[in-house]
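Please read this note beside the sequence and the structure. The points below concern a pocket and the aromatic rings.

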Amino acid sequence: MPLPAATTVRGFIRRWVLGRHVLPFIPALLLAGVWLGGEFVLILGALVFPALYAMFGEPPNSEDRQMSVRDGVTGLPLRAVLIEALDSVFTKAPRSGKTTIAFAIAIDDFSEIEGRLGLHATEDVLRRVGERIAMVLRGTDIVARIDGAVFGAAFGPVQRADLESALQVAARLQEAVREPILVDGARVHVTCSVGFCLGARAPRPTGEAVLAAAIEALTEARASGAGAIRAYSASKPRDTARRAELETEVLSALESGQIRPWFQPQVSTDTGTISGFEALARWEHPERGVLGPKDFIPTITAAGQIGRLGEVMLFHGLTALRSWDRAGLAVPSLGVNFSPEELRNPRLAERLAWELDRFDLTPERLTVEILETVVADPGDDTITRTIAALAKLGCRIDLDDFGTGHASLAALKRFSVGRIKIDRSFVINVDEDRQQQNLVAGILSLAERLGVETLAEGVERVGEHAMLSQLGCGHVQGFGIARPMPFEDTIGWIKRHGDRVTNATEVTRKAV
């Protein structure tokens, strides 16, 4: 460690002999030396100043370092600069009493965005997201690109940094990123997950430690699904390890065939015949039994593999359709759910056309199921164009969970919706609750005027089935008809159901 006197001399030379404010006057000083002392002074100055710079030269300030270590795409500083800024706060903390907060921000489903938009447009998205993060923060804060679609931010020294203020900043960051980004004339919707660590809760008072803690919190947020916010807690390392283990297990199950569609029938209320099946994801876990989507969809989404799940569901679904055809069984169509991420792929219609041709199936055999919450958002031009392309291809469009997402009447026309699926919340006790009957009757009347078919979901009792038929609902689906089943069980069920419908028809004819 340098002695205090040496440090003082070094500081004096850097500031008053080699400081930036002195440099412009060096030529004038040398000329004055020549005038007063001759060539010897000029030679001496030519030797002394370089020697002083070599020994005591002014190191680049933090601004210079930031300018020299920047990301080539976004123009933001890189991870090293962020860590240096955090280290600086911790170093000065004993004297200043100030602290910091480290944030880690990741664009959700970035691989999907990259595959959909291409390199140039994706870089534009990264730049815009970086700009928006910087706009939320103060001038004394630092924003950096850490890696890929992950950004980091560090608060400049602050007197008080608590959980509530950090959560407010994280929410503002998400709100800024969520605004649509115009790319080549189209609106791109981006969301982000945020993890953060308060300086006081860092594992160690270093920039590397507090940033690593923020990234750990980000990992936890992403495992919870898109748009989550998490704070670092030293008590959660086991939970993080379990989530990482679960992610590995789920992705392995997806690739090994443990996650596949089960099929739930839909029947006509007029004839009782099968009008289609819906493909529903199930995980046939070797130890825990059959698991529903809530047990694994969030993990798949956080891992950025929701598109891969869609591919698996479509392949097995079309395989089932072709198998039913070859067995001589009448299944008019199959409903497959498509996530917003998949619908933002402008090549989805092209891919489905190729898949249908490969299985020798016509487009109207495939029903594309879309959540009403997706249709209710008018701002995503990419989704609008994709659904229009699917309708033009000839696929049927079902609007799922109708009544929960507040889709406008204009949206029903714009998206070429052929059938609305009335949410279970309207179906419960519809045979006993007069208000429920009025609500369903209103929906059915609206659908009839618009020329749209209807299907009621979650029908569990005979009374509900009968009332929906009486009110004029065209199709029903639910445990009261049949529970979702693996493909191996569908053939037997279809045959038994066909026999029941035939017998019921014969009994009716005899009664007449």
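The numbered points begin with the basis of the model.

1. This is a predicted model, in which local features need pLDDT of at least 70 and side-chain atom pairs count only at pLDDT 80 or more, while totals for chains, interfaces and linings use all residues. Residues are numbered from 1 along each chain as its sequence is written, and side-chain values use heavy atoms, with hydrogens and water left out.

2. The lining of the largest pocket comprises 49 residues, and Pro293, Ile297, Asn337, Leu371 and Asp400 lie nearest its centre. A pocket here is an open set of points on a 1 Å grid over the protein atoms alone, where a 1.4 Å probe fits, with protein on both sides within 12 Å along at least five of seven lines; lining residues have an atom within 4 Å of a point.

3. The whole structure holds nine aromatic pairs (ring centres of Phe, Tyr or Trp, the last by its six-membered ring, within 6.5 Å; planes under 30 degrees apart are stacked, over 60 edge-to-face, the rest tilted). Phe263 and Trp324 are edge-to-face, because their ring centres lie 5.5 Å apart and their planes meet at 75 degrees.

4. Phe263 counts as buried at 1% relative accessibility (buried is under 20% relative accessible area, exposed over 50%, partly exposed in between, with a 1.4 Å probe and protein chains only). Trp324 is likewise buried, at 0%.

5. Trp283 and Phe296 have ring centres 6.2 Å apart and planes at 90 degrees, so this pair is also edge-to-face. Both Trp283 and Phe296 are buried.

6. One aromatic cluster consists of Phe263, Phe277, Trp324, Phe487 and Trp493.
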